[in-house]
Amino acid sequence: MGKRIALVIGNAKYLSSPLRNTINDANDISNALKQSGFEVIDVRDANLQQMRSAVRNFGDRLLNSDVGLVYYSGHGIESKGRNYFIPVNADIQRSDEIIDQGLDVSFVLEKKETAKKGINILIVDACRDDPFGRSFRSNSRGLAAMDAPRGTIIAYATSPGKVAADGSGRNSPYTKNLVKEMQLPNLPIELMFKEVRRAVQLETKNQQIPWENTSLSGNFYFYTPK
């Protein structure tokens, strides 16, 4: 199975547009990952410095691991073709402030490229409604497509440029189905995400269609019975 390290970030207590389910989402994903052999770095309701420090810690530990996974649940926004995870203390009043107050997702991907591991996974459940839409006109809804570096799969809760649901129950529709599928035995990761997509489409009546971009060449299973 190899050594597995994960970073799980859940942000909910925003100054504007707080989210209801993201902490539950992060907690449930973290528990599922631990059950499948991951060491997990857990971060909740983080400011920008805490998020950057957590990514640095993850990158350092990834150097001595075989599989690296980052899961983010919270607000995300696209600006000028780049995606940003938004810390809970962000006070973004103008679009040009996103780059200063958001965590550029490329920072996460660069840590994965530096480590040069065979299996890298980035899961982004961060496509909720733009929390800053009242302050300025954002460039688009949702997030932009990102190229997957070698050996990486990037999974989005919904298609690029679209908005995902936070969910009316304990979890978002995406994370609820992701946790369920992650625990099925001997399911290749590509097929797992396909099953998640099918379930979310059914649950949301095709209003939300999860999406992946991958350059994986190896095989990966979250759960393989001993």
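The crossing of helices H2 and H4 is right-handed, a crossing being termed right-handed if the near helix is turned clockwise from the far one by less than a right angle, and left-handed if anticlockwise. In this predicted model, local features need pLDDT of at least 70 and side-chain atom pairs count only at pLDDT 80 or more, whereas totals for chains, interfaces and linings use all residues. Residues are numbered from 1 along each chain as its sequence is written, and side-chain values use heavy atoms, with hydrogens and water left out.

H2 (residues 48-62) packs against H4 (residues 105-115) at an angle of about 15°, the axes lying 9 Å apart; the two helices are therefore roughly parallel (angles under 35 degrees). In the contact (heavy atoms within 4.5 Å), Arg52, Val55, Arg56, Phe58, Gly59 and Leu62 of H2 meet Phe107, Val108, Lys111, Lys112 and Ala115 of H4. By class, this contact of H2 with H4 comprises 6 nonpolar, 1 polar and 4 charged residues.

A second pair is formed by H1 (residues 22-35) and H5 (residues 173-182), which pack at an angle of about 10° with their axes 10 Å apart, so that H1 is roughly parallel to H5. Asp25, Asp28, Ile29, Ala32 and Leu33 of H1 make this contact with Thr175, Leu178, Val179 and Met182 of H5.

Thr204 is located in the loop between helix H6 (189-203) and strand E9 (211-214). With a relative accessible area of 14%, Thr204 is buried (under 20% relative accessible area, 1.4 Å probe, protein chains only), and the side chain of Thr204 reaches the backbone nitrogen of Gln208 at 3.1 Å.

Conventions:
Axes are lines fitted to C-alpha atoms, for helices over the stretch in contact, and angles run from 0 to 180 degrees between N-to-C directions. Helices (H or I, at least four residues) and strands (E, at least two) are DSSP runs, numbered from the N terminus. Angles under 35 degrees count as roughly parallel, over 145 as roughly antiparallel, 65 to 115 as roughly perpendicular and the rest as oblique. Ala, Val, Leu, Ile, Met, Phe, Trp, Tyr, Cys and Pro count as nonpolar, Asp, Glu, Lys and Arg as charged, and the others, Gly among them, as polar. Buried means under 20% relative accessible area, exposed over 50%, partly exposed in between (1.4 Å probe, protein chains only). A polar contact is a pair of N or O atoms within 3.5 Å; within protein, one must be able to donate a hydrogen and the other to accept it, and residues adjacent in sequence count only if both atoms are side-chain atoms.
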